[in-house]
Amino acid sequence: HAVLCGAGYNLRWLMRAVQRLGLKALLLRLQLDAMLRAISGLAPTRDGNRSLIVG
């Protein structure tokens with residue numbers, strides 16, 4: 001229980017910091033990229049291109 005309370009506190013602190021620093025657009029972009037990768041099954045490679053993940 002204590003670990004989950006600590007994790008919740010840290011997440012709330014992080015979200016307040018993001019809002020205070022005006023990083024909302026960056027956070028939304030990162031979230032959108034993660035969702036698109038999960039949906040499409042594509043992952044970025046080191047050279048910036050995307051390749052299909054098999055298996």
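Start by selecting Asp-33 and Arg-29, which form a salt bridge whose closest N and O atoms are 3.3 Å apart. The term salt bridge is used for a side-chain nitrogen of Lys or Arg within 4 Å of a carboxyl oxygen of Asp or Glu. Side chains of opposite charge can pair when their charged atoms come close.

Now colour helix α2, residues 24-40: Asp-33 and Arg-29 both sit in it, 4 residues apart, or about one turn of the helix. Is Asp-33 buried or exposed? Asp-33 counts as buried because its relative accessibility is 18%. (Buried means under 20% relative accessible area, exposed over 50%, and partly exposed in between, using a 1.4 Å probe and protein chains only.)

A quick word on what you're looking at. This is a predicted model, where local features need pLDDT of at least 70 and side-chain atom pairs count only at pLDDT 80 or more, while totals for chains, interfaces and linings use all residues. Residues are numbered from 1 along each chain as its sequence is written, and side-chain values use heavy atoms, with hydrogens and water left out.

Next, zoom out to the whole chain. You'll find 2 helices and 2 strands, running α-α-β-β from the N terminus on. Helices (H or I, at least four residues) and strands (E, at least two) are DSSP runs, numbered from the N terminus. Buried residues make up 5% of the 55 residues.

Select α1, residues 2-21, and click on Trp-13 inside it. Trp-13 counts as partly exposed because its relative accessibility is 47%.

Step just past α1 to Gly-22, which takes a positive phi of about 75°.

Last stop: colour by pLDDT, the predictor's confidence in each residue, from 0 to 100. Among the elements, α1 has the highest mean (88) and strand β2, residues 50-52, the lowest (56). Where pLDDT is low, the predicted coordinates should not be read in detail.
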